[in-house]
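The questions below ask how the words used for a protein structure follow from their definitions. Please keep the sequence and the structure in view while reading.

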Amino acid sequence: MYIEDVITIPLPAFVREPLLVVIDVQETRRAFVARLLTFAHYQVYVPNTAGEALIWFMQHLISPQAILLGNVNPLDQFFIQRLFERVVMQNGRQIPVISLVDLPGTRSADELPGCSALLEILWLEVPRYK
């Protein structure tokens with residue numbers, strides 16, 4: 001079983017924080033980021049589409065600690081907008097939305113700069129719990 005299979009399946013209703021959501025149509029980058037975050041001890045939800053993420057968050061009373069957003073299918077723009085309306089502002093605080101579009105680690109051989117930059121941003125914005 002691949003790690004992508006484990007983290008792509010719907011999460012249980014009760015999930016240990018911090019929960020991060022990765023939305024990206026580029027499968028290679030989505031899998032790379034999901035593995036990186038899992039190894040950094042984050043809980044990661046990787047839906048196949050923005051619509052799938054929206055439905056899951058409407059059915060469960062949990063909010064992500066951050067959304068990592070890569071390329072989005074133009075047909076999913078409506079779902080992204082609704083997802084942002086639903087989860088980006090929670091309990092009076094804004095949930096960070098981090099762009100994956102310029103992450104260097106998935107385009108070339110220099111993965112470490114992209115990894116470290118992404119993790120530095122996350123460690124500042126979303127503390128990890130053990």
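Q: What do the buried residues of α3 pack against?
A: The buried residues of α3 pack against β1, β2 (43-45) and α4 (77-87), where a contact means heavy atoms within 4.5 Å. Helices (H or I, at least four residues) and strands (E, at least two) are DSSP runs, numbered from the N terminus. This is a predicted model, in which local features need pLDDT of at least 70 and side-chain atom pairs count only at pLDDT 80 or more, while totals for chains, interfaces and linings use all residues. Residues are numbered from 1 along each chain as its sequence is written, and side-chain values use heavy atoms, with hydrogens and water left out.

Q: Which residues of helix α3 are called buried, and what does the word require?
A: In helix α3 (residues 50-59), the buried residues are A50, G51, A53, L54, W56 and F57. They are called buried because the word means under 20% relative accessible area, whereas exposed means over 50% and partly exposed lies in between (1.4 Å probe, protein chains only).

Q: Why is α3 called roughly parallel to α4?
A: The two helices pack at an angle of about 30°, with their axes 8 Å apart; the axes are lines fitted to C-alpha atoms, for helices over the stretch in contact, and angles run from 0 to 180 degrees between N-to-C directions. Angles under 35 degrees count as roughly parallel, over 145 as roughly antiparallel, 65 to 115 as roughly perpendicular and the rest as oblique, so α3 is roughly parallel to α4.

Q: Which residues of α3 and α4 meet, and how do they divide by kind?
A: From α3, A50, G51, A53, L54, F57 and M58 meet F79, I80, R82, L83, R86 and V87 in α4. The residues of this contact divide into nine nonpolar, one polar and two charged, where Ala, Val, Leu, Ile, Met, Phe, Trp, Tyr, Cys and Pro count as nonpolar, Asp, Glu, Lys and Arg as charged, and the others, Gly among them, as polar.

Q: What makes β3 a partner of β1 and of β6?
A: Two strands pair if DSSP finds at least two bridges between them. Four bridges join strand β1 (residues 19-23) to β3 in the parallel sense, and three bridges join β3 to strand β6 (residues 97-99), also parallel. I23 stands opposite L69 in β3, and the bridge partner of L69 in β6 is S99.

Q: Which way do the residues of β3 point?
A: In strand β3 (residues 66-69), A66 and L68 point one way and I67 and L69 the other way, and all are buried. In a regular strand the side chains alternate between the two faces of the sheet.
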